[in-house]
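Hi everyone, thanks for making time. I'd like to walk you through one model, starting at the surface and then moving to some aromatic rings.

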Amino acid sequence: MREPVRINLGLQGGGAHGAFTWGVLDRLLEEPWLEIAAVTGTSAGALNGAALKSGWVRGDREGAREALEALWQQVSGISDLRMPAWMQGFVPEPFFTAKALEYSPLFAMADTLTRVVSPYIYGPFYKNPLERIVSEFDFDKVCTRVKGPELHVCTTCVRDGKVRVFTGEGINTDVILASACLPTLFQAIEMPDPVTGAPEAFWDGGYTGNPALFPLFEAHLPDDIVIVNINPLEREGIPATPQDIANRINEISFNSSLLRELRAIEFVQRLLDQGQIPEGAMKRLRVHMIADDGLMNDLSVATKLVALPSVIAQLKAAGQEAAEVFLSKHADDLGQRQSADLRDMFA
């Protein structure tokens, strides 16, 4: 029996690709020696974090797994733009599914509309499609500090463009909706600023923290951060089609804030190694990453926006497998040494 190891989780946002994170969490929750001390999440990562927390409070690990499954069963039913059933049978592989969706007339029309039609045009008829799902969370359980991991949810303040992180009792339906608020699709969420208390408008947290790691730097939290990455850091070749260009812009934009924080962590590690700052003056964090860039390179922004049940099932299975591979290679590193090569990443 392994000795217990405490870790923090950083959960990226990426629309329906968050089902990959569901698979990762489902596998990690099977390990009784892994203790999740805190979760920071953005967009789909915030949804996964809230489901994990509320389920954990209700029924520990199995409760968390059940809550995550219930969440994604609902998410797979919110899309208005579904690929016809006959087409799914002919394009089972993620790459072909993504391409078929990108070039489908319905998706192209909807994508064009987001560039010329504001979500504010609907007036009183506007309804955020995620609200029905998010409002079902038991926020007494999501917000409690008594049991389960700490939860931090990242958003972007529209006025000043800075990250805002909500935690504990500050998390509610509006906060989760704000964290997943793509401004071309959804109206901004208006609510009190967690810092000033003044009313502000908020957009998707991925623009400024995907996810924000700094909430995990507190002294009472463990030194290990396991990041579940669902936006590929690298993509070979030069994007040439309009769809590929837009997709890569999306990936770069939603990785930029994470890379900045990882660079800062690597800089502190270097200073500590060189003795330029004394040990203990700053926290020496250990970073680990779980990802499947091969699969994510086969997918695109189209499969982020349209929750196809077949793709969600593939993403969950891929997440479980990626977590299994990570544990087989790096279980002994947790609590001891860093497994992500940040120096190579920024060389």
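Let's start with E236, which sits in the loop between β7 (224-228) and α9 (242-273). Keep in mind that we are looking at a predicted model. Is E236 buried or exposed? Its relative accessibility is 71%, so E236 counts as exposed, the cut-off being over 50%.

Now for the rings. A pair of aromatic rings is described by the distance of the centres and the angle of the planes. With centres within 6.5 Å as the requirement, the count comes to four aromatic pairs. I'll show you two of them.

Take W22 and W72 first. Their ring centres are 6.4 Å apart and their planes are at 5°; stacked means under 30 degrees, so this pair is stacked. W22 belongs to helix α1 (residues 18-28) and W72 to helix α2 (residues 44-75), so the pair ties together parts that are 50 residues apart in sequence. Both of these tryptophans, W22 and W72, are buried.

On to F166 and F202, an aromatic pair that is edge-to-face, with 5.7 Å from centre to centre and 75° between the planes. This pair also links distant parts of the chain: F166 is in strand β4 (residues 163-167) and F202 in strand β6 (residues 199-204), 36 residues apart.

How values were computed. Residues are numbered from 1 along each chain as its sequence is written. This is a predicted model: local features need pLDDT of at least 70, side-chain atom pairs count only at pLDDT 80 or more; totals for chains, interfaces and linings use all residues. Side-chain values use heavy atoms; hydrogens and water are left out. Helices (H or I, at least four residues) and strands (E, at least two) are DSSP runs, numbered from the N terminus. Buried means under 20% relative accessible area, exposed over 50%, partly exposed in between (1.4 Å probe, protein chains only). Rings of Phe, Tyr and Trp (its six-membered ring) pair if their centres lie within 6.5 Å; planes under 30 degrees apart count as stacked, over 60 as edge-to-face and the rest as tilted.
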